[in-house]
Each structure stands twice: as structure tokens, then as C-alpha cells.
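Look at the sequence and the 3D view before reading on.

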Amino acid sequence: MSRPVSRVNTRMRHWIWPAVLGVAAASLSLSAPAGADAERSGLPEAIDTILGDPRMEGGVASVVVADAKSGDVLYQHRPTGRLMPASNTKMLTSAAALELLGPDHRFTTDVLADGERHGPVLKGDLYLRGTGDPTTLAKDYDALAAKVAAAGVRRVSGRLVADDTRFDDRRVGDTWGGDDESSYYAAQISALSLAPDTDYDTGTVIVAVTPGAGPGDEPRVSLTPKTDYVDIDLRATTGAAGSANSLAVERRHGENTITVTGSVPAGAAAVKEWVTVWEPTRYAAAVFRDALAAHGVKVSGPTRAGRATPKGAHELASHASMPLKDLLVPFMKLSNNMHAESLTKAMGYEATGRPGNWGDGIAAIGGYLKTAGVDPGKLRQVDGSGLSRKDNVPAGQLITLLRSAKGEPWFADWYRSLPVACEPDKFVGGTLRTRMCGTPAARNARAKTGTLTGASALSGYVTDAGGRELVFSIVLNNHLASSVKPLEDAIVVTLAKSTADKAVLVEPRSPRAGSGERGGGDLECSWVKPARC
């Protein structure tokens, strides 16, 4: 397992300029002068024009554009202004994870026993131990159960113990909205959990509602994975063909009853909703217990959660996750909040040896940021994903990170994880796959998106028309428009169409012209299932 490696001296060679920039910009509140070449090109005026769009009336922006190689600042507007970065927070978390855990880090899920074998009977308890893998699937638990059966165990006289003690028992992050509890982008965090499909939305089940044969008939409901851990309270009906879909699928607070209400039109395709579970540790244990039974292994005792595996327990089976460099693809492309939080707690554990928690994890990220030239004293991070509205990061610090990362041995893996403009494959284009199409930024810009109500961000890399690589960070807050992503796109496309000598202003598209926001402007587009905009 990789340990943190100090890279301070290497970084300092490349990172004198951010300190100078920070001092020079500290007193600025409005647009600051760019370099002389940028002034002559007209780039500052072009970006100022875009930010003057009525959709930003009353809002606030922190925007910086720089030459990726030289660090020359081409444009800056409130570069030190701390704003909510939303999912741009994941850039801090993912870069720190690559440095502190290592690109080849794998999470393991293990099955262990602390008793003696008497033929096919295990006298004692069976332990299912997680280390924070946010990508474990039902088929992985089935494979673990198959290995237990292959070892000759047919009955466990004791209990099934779900060991989630690698992390603490705090399940949700700071200031996460209570009304998001059943929404899959705000699932509870545990060191032992389960994802229902290869989007790896850990801690959720997929509820599929299929209309009945005709109007008035009861719809059919199925779950992925199949499990009795959640109950369905079906109050929905089948509506007339062509009628509106008014289905609502929500989990009741503090329990695992999922209520299905409303109407689904006759003849329509099944409607799928991803819903969080209450206590993901027990969810994983329930699916594993069913898998054991399917392989002929009976556990006589009940399930117990939250107890550590004894040191003398012997391993019966183990599953390893994909390496972190591959896990970063679904994490960053689809802006997976739960991956960010699992990695944050894992970094906390690696740094301290204590059960992983947000405090230790954020401290570990801050330690890495210092070595990257980013000043953690000029930002506030309270979770790994950006779901908290307490997170505040200025664009200038994100620019520092974007340039610092280019000098890292893991940069290619991090760069590969960033969404690509107008690349239709969701595991390539990710949250940018419908944006900036038909422009010079298409398949050119690589950047992390971020969206909360009243907060939007886009930070990354783009090559201009003269072949020069640029880094940009655009953080927009306090707007009342449902989406300001057309403004972000216009800035990036302007950069892609311009040269060092001449800026080419691209006007923002109107909302009706399309901005790539199919799922609603106040959520990260990948969080709006099943549209997966």
C-alpha cells in the first residue's frame, strides 16, 4: 500500500510563480490586469463581455486563465475570491489520492473466520471486512461466497459480522441537505458497501417500475440487486397511454422502506430510479448472506455490524478493487460523490492509522496541497466531493493545482480521468459529453464540472488555435439563472478559437439554443438519472 512521499523540493522549482501571483492579487476585488500580450490580443475584454451576460446579474465570479507551460496569467477576475466550487472540489481530492494512496492502490474486501473447522462446520463467527471500496458489486460478493463454499464450509455456527471499522461511523458529510437523503448522489459512507451497477453508485439500489397491462393496473417493481434489505410500499398506478409520468420513488427517513407513488403511462418503458439505503454496511452484509445461502453455506447466527475482525482470524476469501488509476475514471467522469468521500476517509486512515474520518482525510489533502504550491489557508474544504456548501475555493488556487499536476508521475492518469468536451462515450466525455459540440473546444477541452443550486464551475485544460496549452478555472456563484454553463462554455470556446495575438469572442448560447444541460441546471448532470445528460 503506497505511503505519502514528500515532493516539496521538486515542486518548489516549478512553483515560485503562484506565490508571486497570490501576493500581487491579494488586494484585488475586480478584474486584474493581464499580461501585456493578453491585453493586446483582446482576451480580457472578450471574457469580461461573457461574464457581463445578464444571467450573471447579481452573481459573483472567480476566473483565471494562464499559459500552462510558462504560468503567465492571461486573464484574472477576483482570482482570490473564495466561492463554492461544487464538484471542482473533486480535483483537490483526486490529485491528493493519487499522491498519497498511489495510482496502483486497491481496496480489498475480505472474508475471515475466527473459529475452528469441524468438517464442513465453522465453529465461530464469519467476518466480512471492508476497507472502503466504493465499487464492490453484488457479483463480487457472490464470488466471495463461492470461495467460502469452495473451501468446504457448509455451515457457520456463529454470526455474520460486518466489519466496517476501517472508517468511522459518521455516515453523511458536513451540511449535506436532509432532503437529499434518498437521492443517490448523497448516499451514506461506509467502509463496507455495495454498488448496484457499473456506474458504481455505492450505497444505492435501482428501483425499476414497469407499467401494468392497462390503465388502473398496479405497476410491477423490481430491485437491482435483488434483496430483501429494502421494502417496497407500492402506491402507484398505471395511467392511460401517453399520459404524463408522475412517479416518485423515495426512501423514508431512517428506514429502508421505499415508497412508490404517482402514475406511469401504459405501454411506457420501465422507469428506473437510484435510491440510497439506510445503513450501507448492513446492506452489503444482507446481499453477502444471500449469496452464501445460494452457494449452500448457512449462517446460523444473526448479522452484527460495526465490530472489528479479531487479529487471529484467518482469511477464507478476498476481493481486490480495480487500481485507483482506473477507479478515477468513473469517479471523475461521472462526478461520483461517494467515491470522493471514500477516498477522503481512506487518506485519513493512511495518514493516521485511525478509523478513516473526514477531519483526518481533509488534513491529509491539505498536507498534499501545500507540497503542490496550493495554499490550504486560502480555501476551505470540509468534504471530498463538494456536496457541502461550506466548501470555498478561489480560481487562482485551482490554477495552481492544474499546473502543478502536470509535473507529477501520475499526471497522465489524472488527465485521463477528466471529462472531455463532446466525447459521447460517458466514460470518456463524462459530464462534458454534450457540451461545446461543433466548436474548436470539442474533444479538445478536458475539465472538471461542478454544479449546485446557485454554484457552477469548470476548470481544466484547453489548447488554443495557435497550439498553446492553457489552464482555466471558472467558478460562478449566486446566480439566479437555472444554468450559467453556456457562459463557461463560451469562455472555453473563446480560448480554443483564439491565438496569443488575437482573441475571438464567442457569445454564450441562449438556454433555448442548448447548453448540454438536459437534467436541470441545479445538479451535476451525471447526478440526474436516468437521463445521464
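Predicted model: local features only at pLDDT ≥ 70, side-chain atom pairs only at ≥ 80, totals over all residues.

Residues are numbered from 1 along each chain as its sequence is written, and side-chain values use heavy atoms, with hydrogens and water left out.

**Helix pair α6 and α7**

- Helices (H or I, at least four residues) and strands (E, at least two) are DSSP runs, numbered from the N terminus.
- Helix α6 spans residues 138-150 and helix α7 spans residues 280-294. Their axes come within 8 Å and cross at roughly 45°.
- Axes are lines fitted to C-alpha atoms, for helices over the stretch in contact, and angles run from 0 to 180 degrees between N-to-C directions.
- Angles under 35 degrees count as roughly parallel, over 145 as roughly antiparallel, 65 to 115 as roughly perpendicular and the rest as oblique.
- The α6 side of the contact (heavy atoms within 4.5 Å) consists of A138, Y141, D142, L144, A145 and V148. On α7, the partners are A284, V287, F288, A291 and L292.
- By class, the contact of α6 with α7 has 10 nonpolar, no polar and one charged residues. Ala, Val, Leu, Ile, Met, Phe, Trp, Tyr, Cys and Pro count as nonpolar, Asp, Glu, Lys and Arg as charged, and the others, Gly among them, as polar.

**Helix pair α5 and α10**

- α5 packs against helix α10 (residues 358-371) at an angle of about 85°, with the axes 9 Å apart. That makes α5 roughly perpendicular to α10.
- L92, T93, A95, A96, E99 and L100 of α5 make the contact with A364, I365, Y368 and L369 of α10.
- The contact of α5 with α10 has eight nonpolar, one polar and one charged residues.

**Enclosed helix α8**

- Eight of the 10 residues of α8 are buried, so α8 is largely enclosed by the rest of the structure. Buried means under 20% relative accessible area, exposed over 50%, partly exposed in between (1.4 Å probe, protein chains only).
- The buried residues of α8 are L324, L327, L328, V329, P330, F331, M332 and K333.
- Their cover includes α5, α9 (337-352), α12 and β21.
- S335 follows α8 and has a positive phi, near 55°.

**Salt bridges**

- Side chains of opposite charge can pair when their charged atoms come close.
- The whole structure holds 22 salt bridges. Each is a side-chain nitrogen of Lys or Arg within 4 Å of a carboxyl oxygen of Asp or Glu.
- K325 and D104 meet in a salt bridge at 3.3 Å, N to O. K325 lies in helix α8 and D104 in the loop between α5 and β4, so the pair ties together parts that are 221 residues apart in sequence. K325 is partly exposed at 27%, while D104 is exposed at 52%.
- K426 bridges to D199, with the closest N and O atoms 2.8 Å apart. K426 sits in the loop between α12 and β21 and D199 in the loop between β9 and β10, so this pair links parts 227 residues apart in sequence. K426 is partly exposed at 26%, whereas D199 is buried at 6%.
- D360 and R354 form a salt bridge at 2.8 Å, N to O. D360 is buried at 14%, and R354 is partly exposed at 46%.
- D233, R235, R252 and E255 are linked in a salt-bridge network.
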